[in-house]
Amino acid sequence: MSEVRYRVTGPSFPGLADLTAGPEGVVRLRHETAAGVRGWTAEPDPAVWPWLLDALRAAGFPDAAPEPPVPGGPLCEIRVTGTEPAGTLVVAWPGGGASGRGDAPGGPGGAPRGSGGPGDEPGGPGDEPGGPGGSAGGLGAALRILDALVRQVGGAALGERGPGVPDELPPLARRRAPEPAASSGSSLSGSTHGEAGEPSGEAGEPSGGPVSGRFGVPGAAAFGTAGGRPAYAVSRPGASFALYGLPDDEPLGGAAVTDAPAHALALGSAGGRDLVATGGDDGAIRVWDTADGRRLHAATGHDGPVRALAAVGGLVYTGGDDGRVRVWDADGSLGAMPDGHEGAVTAACAHGTLLVTGAEDGAVRLLDAADGRLLRVLRGHDGWVNAVAAREGLVASAGSDRVVRLWDPATGEPAGALDGHGASVTGLAFLTVGGRAALASCGLDGEVVVWDLGAGAPTARWRTGAWAAGLTAVGGGARDRLVSAGDGVRVWEADGTPLTVLSTAPATAVAAGAGQRGERVVAGFPDGAMRVWRLPDGEPGVEEAPSQGVTAEVSRVDGGVTALALDGATIVCGTSSGTVRLHGTPGGATVVPTPHSGPVTGLAFDGGLLVSGGLDGTVRTWDGLSGRPLRRLLGHAAGVTAVVTGRVNGRRVIASSGYDRTVRVWDTDTGEPLLIVHGHPFPVYALAFGRTTDGRTVLAAGSYDGRVPVRDPVTGEDVVVLGGAPGVVRCLGFLGPGVLAAGTGDGAVRVWRLPAEEPVAETRLTGTPLALSPGPYVVTQGGVINLSTWYPG
C-alpha cells in the first residue's frame, strides 16, 4: 500500500503527532501525549497526494542533505512506502524559520512576513508550478504541506494558536472527524516529546482539544448556596451536575444535557436567585436557577474557527464546524439559523436579503437574511463547497469537484456548469469585462480563470502563484480588476495582466469595496494581521498602490484571519479562534463578544457577574442572570486553566492561569490587566484568593509539579512557596484566615498554616479532590467528605 507517514515532535505539536496519507483519499492523525492518545481522520483535497509526492521528488528525497539535528531539539520523520520516492529521513523540525525549509519565493519560508515592496512583480501565466509546494528548494515544500495537514486535521487540539509558524495554506483536508486511537506506539528515534527538559502532555498541553482526563479524572465541583442554605455541586459522567445541601448531603436536583460531564462549575447568587453554571467540552456555558431547576440561558458559539463569514445591514453571519449559521451584531449573538448543514460551513456571501452558504456536505443553501428562513437547498456538487458568490438573479458555487456551478436563485434550477480547473476551486467573484457579465474563479493550484457568462467559456487564464486562497473584484463594474490572495496579495487586469503586488506574505482571505478615496482592498493573514490598501481611481501602478497601504490592525492574540467581509465602511473579520472583529466602527476596532470557541475550563461568580476561562485562551465576563456577554480579556498565549474572583484593596479583580505558565490579575470592572506573573516551570491548574492571619490578601496558585506559591496579588512577590510533593494540584481553598488546603491528583489533601512551609495535616482520599471549602469540606466524584475528623481547625 502506498503511504506517506510523517511524525513530528516540537513546541507547536506537543507530544508526538503521527500523520499518514495515501492515494485512497483518507488522512489519519494520531496525537500521543502523557495524557493519552487522540485520533482524527479527514478527507484530503484530491490534489494533495500528487503535490506531496512531487514536492518530495523535487527535494531529492530521501537523499536530501538537511541541517543536522540540534541535540534535544524537535525532530520530524518522513517515511514513504509503496511508491517512489520510497525511503525514510529523520531531520530537525525547522518550525518554519530554520534553514532548509525553502528558500525560493512561492515556497515554504520563501515569502517574507509583512507587506511586499513596490518592486515585487508578480509572475506571469505559468511562471510558477501549481500547488502549495511552489518552487521551493529542499524539503520546505513537502514540510509545508505535511505541517498544514497536521494542523488542519488536528485542529485546535494541536495548537492552532500555539507557537511556531501559523498555517499559511488554504484548507487541504475537509470532513474532519474524531477516531478512536490505538495504543501508544514507539517514539521517534532520538526524539523528545516537547522541548528538551520538559515533559509532554499536561505540562505542555496546547490550547484547544478535549479536556477529559486532563487531571486523570473528569468532572468538577463547586461550593456555594442553594435555596439559602450551604450547598455543593458536582459533575459526574452522564450528569452535567448534581446539587446537594450541606451538612446533610440532601439531594437538591441536577441536570444532564450532554453525554460528557462538565469540566467547570460555579455556584453564585444574582438578583435574589441562587444560580449554578456549567461549562465543558462543547464550549457552552449554561446557567440554571437552583430553586426550580429552570435553565436561564446557554451561551454557545461555533466549536472552533470561523470558517465562513458574510455581513450586511449591520449583521454578521458566520459558519463553523458545527454546520450552523449564527447571527451576530456588535453586542453579541442573536442566535442561530434554524436549519443547518450536515458538515462544516465553509463558504458564505450575502446579496441584498439573500444569504448563500456552502458546506462540506456539498449542498448550497439559500436563506432569507432577514428572518433566517430556508428558501432552497441546491445540490449538484460531488464533494465539498469552498466558495459561493451571488449577484442579481444568479448564484455561483464551486469546490473540490473543480466545477463552477451556476444557479437561478428564484427557482433553484441549475443555470450552467463551468468546467476547466485543474484543482479545487477556492474563490469566486462576479465582475464586468468589456460591458459583459463575467465570473472569475481561482483554484488551489494558483490558477485564475475568467469566464464569459453569456458564452459559458473562459476569456482569460493565468497563474497567480503557487496557490490561491481567495479572489475579489474591484472597480464597481466600470473597469473591474481582480485581487487574488494566496502566496501574496496581487492586483490584476481581467485579462491577467499584472498590475500591483500589495504583499508577498501568504494571505488567507481577501475582500474589497468602494471607499471615499477609491477602492479598498483588505487582506487577512495567518498570523492574525489584517491590512488595508486604498487603490486610487484609475490604473494603479506597481509603485503607486503599496505606498497607499496601511495596516489597519495587527493582532496575534485571537488567531489567524480565516474570513473577511465588508459591510459599508465596516470591515468584518473572522479568526481561527472563533473571534469576530469589526473594524472601522466609530470606536475603532470592536471585538464581538462571541462565546468560547473551545472547551470551558474555569467558571467563577462574583455577585451577578459570571467569569469564564477557556482553552481558546480567553477570559470572558457575562451577566449571570441574562447571559449577556460583557468583556473579553486577552493576554494568555495558550489555553486558560482556572479563573477565580476576589477583592484586592477594595477593587474587584479576576485571577486567571494558563498553559502559557502565567498567572494574570485583571480589573473586573474595566478589564485592565493589573499583574502578570511569569516564572512557573509548569502550568497552574488551581487558584484561590484568601487572607493571612494579619488580614493581608494573598493569591495561591497550584501547579502541575505540586508546588503552591502564595503571592501578593498586587506586586506578585512570593509570600511563601508550599508543597512540591508528587501530584498535580487539582484544587485549592482557604479554610480560614491563614489556613490553606490543597487537593492533588493522587488523592492527597494537605493543610498549611501560613507562613509555615510544612503542612500541619494531611490525609489521602480514595477519589480525586475536586473542590475545598471552609467547614471544612472536600468534594470528590463520590460525594462530600467532612475533614473535621482529621483537621479540627
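User: Cys-442, buried or exposed?
Analyst: Cys-442 is buried, at 0% relative accessibility. Buried means under 20% relative accessible area, exposed over 50%, partly exposed in between, with a 1.4 Å probe and protein chains only. This is a predicted model: local features need pLDDT of at least 70, side-chain atom pairs count only at pLDDT 80 or more, and totals for chains, interfaces and linings use all residues. Residues are numbered from 1 along each chain as its sequence is written, and side-chain values use heavy atoms, without hydrogens and water.

User: And Cys-349, buried or exposed?
Analyst: Buried, with a relative accessible area of 12% for Cys-349.

User: How many disulfides?
Analyst: Zero disulfides in the structure. The criterion is a pair of cysteine sulfur atoms within 2.5 Å.

User: Switching to strands. What does β46 pair with on the β45 side?
Analyst: β46 (residues 618-623) pairs with β45 (residues 609-614), antiparallel, over five bridges. Strands are DSSP runs of E, at least two residues, and helices are runs of H or I, at least four, numbered from the N terminus. Pairing takes at least two DSSP bridges between two strands. Ser-612 stands opposite Arg-620.

User: What's in that hairpin's turn?
Analyst: Three residues lie between β45 and β46, and Gly-617 has a positive phi near 85°.

User: And how does β47 run against β46?
Analyst: Antiparallel, with five bridges joining β46 to β47 (residues 629-634). Thr-621 has Arg-631 as its bridge partner. Five residues separate these strands, and Gly-627 takes a positive phi near 80°.

User: How many residues of β46 are buried?
Analyst: Five of six, so β46 is mostly covered.
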